[in-house]
Amino acid sequence: MKKNNLLFWLVAVLCVLNVISSCKKDEEDSTTSLSRYVDINITRCERVGERIVVEFDMKNKSGNVISSIAISPSSLTDNSGKEYSTFDNIGMRIKGALNRPYEVGPISLQKDEVKQLEVVAAGFDVNNTATGVNLVVTGRIKDVDLEKNTIKASAKIVDNRVLDNGIQTNDAGIEWTLKSCKREGDYLYVAYDMKNNTGSLLKNVSFLEANYMTKGFTFVAQDDLGQTYRNLYHAENNESYSFALTFDIANNESKTIITRIADFDRTGNATKISICNELKCESYLFSDPIVRLINIPIE
């Protein structure tokens, strides 16, 4: 009888020790999980040109001030299984900031504070078949010695691009409006307005023909007969033409840009033109540097 009581007592002690050990393990796991300290919520997942822009909120839910957190994109996978890693043109930035490094931080977060961040991947799903993405970001929190722990979020893709007969914008803050597309002798003139809706003055904007070797397209300009053209020239309003334009543009300001193509379609049979131009700025980083004019009808 005494032996049975002793055995029962030993089993009970082992069970208690196991429960205590499990509790400690759960406690350790919870303190080394990024999700213990922050939540991420995707607020925008949209195709822009040939890129995908994923914006998300990161909220401090720890109940305390986090004085040093660093966040980096770990991977972005579309629903077909293709992964876009940090070695495949993914970058991250705090929304509105110029730099797009592979890591944001260290930054501080007050209790319940929310930071808006965004991830941009180039060369995204060139076949336009993906309908969703899975985002994984890595976080490091110096305050609690948390090193390289991940957190995940998913979202459906929104596609508001103009896919034909129009101008495909390169950034949500830029509005493009086609004005005219006319032949004059051996020249083709395409005029369009660029309006700055970014909320900021854009300084030293450069506008020029895109490098046709850039990933995502194979020509600078091409008509519907398949004839390609290079050495495009541009003018602001009706000023002199040059290979590249440089200008400042204030918030809510519009500028008229005219692209001229020489020796255009000697057959006279072309009815549409597609053009790829590049837009760069020292004070603002566009979601996609390429502005695409797609199947513009020729008057």
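**Confidence, cores and selected residues**

Reader: What is the mean pLDDT of the protein chain?

Author: The model is a predicted one. In the protein chain, 84% of the residues reach a pLDDT of 70 or more. The mean pLDDT of the chain is 85.

Reader: Which element of the protein chain has the lowest mean pLDDT?

Author: The chain has one helix and 20 strands. Among these elements, strand β12 (residues 187–196) has the highest mean pLDDT, 97. Where pLDDT is low, the predicted coordinates should not be read in detail. The lowest mean pLDDT, 46, belongs to helix α1 (residues 2–31).

Reader: What share of the contacts with a separation of 6 or more joins residues 24 or more positions apart?

Author: Of the 299 residues in the protein chain, 43% are buried. Among the chain's contacts with a separation of 6 or more, the share between residues 24 or more positions apart is 67%.

Reader: Which residues have the most contacts inside the largest nonpolar core?

Author: The largest nonpolar core has 32 residues. Elements giving two or more residues to this core include β1 (38–48), β2 (51–60), β3 (66–78) and β9 (146–156). A second, separate core has 31 residues, including Tyr192, Leu245, Phe247 and Phe264. In the largest core, the residues with the most contacts are Phe56, Met58 and Ile69.

Reader: Which residues does Ile69 touch, beyond those up to four places away in sequence?

Author: Ile69 is one of the residues with the most contacts inside the largest core. Leaving aside residues up to four places away in sequence, Ile69 touches Leu34, Val38, Met58, Val104, Gly105, Pro106, Ile107, Leu109, Arg140 and Ile141.

Reader: Is Arg47 buried or exposed?

Author: Arg47 lies in strand β1. Its relative accessibility is 5%, and the cut-off for a buried residue is under 20%. Arg47 therefore counts as buried.

Reader: Which backbone oxygen does the side chain of Arg47 reach?

Author: The residues that Arg47 touches include Phe124, Asp125, Asn128, Thr129 and Ala130. With the side chain of Asn128, the Arg47 side chain makes a polar contact at 3.4 Å. At 3.2 Å, the side chain of Arg47 reaches the backbone oxygen of Ala130.

Reader: How many disulfides does a search of the whole structure find?

Author: Cys276 counts as buried at 4% relative accessibility, and Cys281 counts as buried at 14%. A disulfide requires two cysteine sulfur atoms within 2.5 Å. The number of disulfides found in the whole structure is zero.

Reader: What distance separates the C-alpha atoms of Gly185 and Phe264?

Author: Gly185 is in the loop between β11 (174–184) and β12. Because its relative accessible area is 66%, Gly185 is exposed. Phe264 belongs to the second core. Gly185 and Phe264 are 79 residues apart along the chain, and their C-alpha atoms are separated by 8.6 Å.

Reader: How far apart in space are Leu285 and Asp171, C-alpha to C-alpha?

Author: Leu285 lies in the loop between β19 (272–280) and β20 (290–297). At 30% relative accessibility, Leu285 counts as partly exposed. Leu285 and Asp171 are 114 residues apart in sequence, and their C-alpha to C-alpha distance is 9.2 Å.

Notes: Residues numbered from 1 in each chain as written. Predicted model: local features only at pLDDT ≥ 70, side-chain atom pairs only at ≥ 80, totals over all residues. Heavy atoms only, no water. Core = buried A, V, L, I, M, F, W, Y, C linked by side-chain atoms within 4.5 Å. Buried < 20%, exposed > 50% of the residue type's maximum accessible area, 1.4 Å probe, protein only. Helix = DSSP H or I, 4+ residues; strand = E, 2+ residues; numbered from the N terminus. Contact = heavy atoms within 4.5 Å. pLDDT = per-residue confidence, 0-100. Polar contact = N/O pair within 3.5 Å; in protein donor to acceptor, adjacent residues only side chain to side chain.
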